[in-house]
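Subject: Structure handover, with notes on charged side chains

Hi,

Here is the structure I promised to pass on.

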Amino acid sequence: MGYSDQRFNVNLSILFTELPLLERPAAAAKAGFGAVELWWPWVDAPTPEQSELDALKKAIEDAGVQLVGLNFYAGQLPGPDRGALSIPGEESEKFRANLAVAADFAQSLGCKALNALYGNRVDGVDPAVQDELALKNLVLAAREADRVGAVLLIEALNKPESPLCPIVSAPKAIEIVDKVNAATGLGNAKFLMDLYHLSMNGEDLPSVISRYAAKTGHVQIADDPGRGAPGTGSLPLEALLDQLRDAGYEGWVGLEYKAGDRPSEESFGWLSGAN
């Protein structure tokens with residue numbers, strides 16, 4: 001087994017960012033990848049002009065790559081925000097306005113996974129109020145995902161880099177997954193297992209995999225420390241991905257790492273022909 005047995009896709013919101021958005025799908029294809037994922041590309045616009053959506057769709061189709069993951073609107077990423085769905089007021093309203101737009105865009109490209117980032121705690125707001133709002137919005141998101149035949153992903157971030165986010169462990173993310181599935185009866189909420197974030201939290205990654213692989217809808221990787229390409233840190237990523245495969249995970253593995261000071265296309269040497 002090993003890297004050559006995995007299905008890797010490139011996150012175009014963290015790799016190839018030295019290029020304009022519409023040039024990134026072709027760059028990923030040129031680097032040998034057949035699939036990509038994206039954070040919501042319009043950080044200030046949950047409902048962008050149709051012409052912008054059409055242009056990105058065309059760029060992805062022209063490049064011949066498959067869109068396999070898309071975030072719902074989540075605020076400023078990268079930046080200070082960690083999602084919008086638990087933020088009362090304008091941000092929550094933007095999240096809701098984005099639901100059908102993002103789901104329709106995903107459906108138009110055959111994308112089957114939509115990620116809903118939870119959001120930070122807000123000073124002066126009762127956490128219970130935020131959690132109640134979050135569950136309502138996640139139920140709406142799960143229904144929109146189901147409408148287009150997709151799963152809803154719930155991701156655990158890491159506490160050192162996201163100290164105000166309450167979803168900073170695998171068990172907490174799984175708790176939210178179970179609550180959403182219980183509320184909707186759809187069963188389409190899944191765990192987004194980001195091995196970098198979980199490592200930063202100090203979690204036992206082999207244990208996380210053995211416990212939660214069956215509830216995992218998508219996997220993302222970067223090495224730790226540094227969030228660089230595999231081999232730049234100390235995580236045994238090849239062995240962990242082998243364990244995931246042995247545990248029955250057959251989905252995509254998103255490359256969500258930083259290329260550093262070099263062009264993104266030069267950061268894939270570790271693959272050794274895996275794609």
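Why are Glu61 and Lys57 separated by about one helical turn? Because they are four residues apart in helix α2 (residues 50-63). Helices here are DSSP runs of H or I with at least four residues, strands are runs of E with at least two, and both are numbered from the N terminus.

Before going further, a word on the source: this is a predicted model, in which local features need pLDDT of at least 70, side-chain atom pairs count only at pLDDT 80 or more, and totals for chains, interfaces and linings use all residues. Residues are numbered from 1 along each chain as its sequence is written, and side-chain values use heavy atoms, with hydrogens and water left out.

Salt bridges

Searching the whole structure gives twelve salt bridges (a side-chain nitrogen of Lys or Arg within 4 Å of a carboxyl oxygen of Asp or Glu). One of them links Glu61 to Lys57, with the closest N and O atoms 2.7 Å apart. Glu61 is partly exposed at 41% relative accessibility, and Lys57 is partly exposed at 22% (buried is under 20% relative accessible area, exposed is over 50%, and partly exposed lies in between, using a 1.4 Å probe and protein chains only).

In helix α4 (residues 127-147), Glu132 and Lys136 are four residues apart, about one helical turn, and their side chains form a salt bridge at 3.9 Å, N to O. Glu132 is partly exposed at 49%, and Lys136 is partly exposed at 49%.

Helix α5 (residues 170-184) holds both Lys179 and Glu175, again four residues apart. Their salt bridge has its closest N and O atoms 3.2 Å apart. Lys179 is partly exposed at 43%, as is Glu175 at 32%. Elsewhere, salt bridges with shared partners join Glu90, Glu91 and Lys94 into one network.

A buried glutamate

Glu155, in strand β5 (residues 151-155), is worth a look. Glu155 is buried but has no salt bridge, and the nearest side chain of opposite charge, Arg227, is 6.0 Å away (Lys and Arg count as positive, Asp and Glu as negative, while His and the chain ends are not counted). The Glu155 side chain does make a polar contact with the side chain of Asn115, at 3.1 Å (a pair of N or O atoms within 3.5 Å; within protein, one must be able to donate a hydrogen and the other to accept it, and residues adjacent in sequence count only if both atoms are side-chain atoms). Leaving aside residues up to four places away in sequence, Glu155 touches residues including Asp194, His197 and Glu256 (contact means heavy atoms within 4.5 Å).

Best wishes
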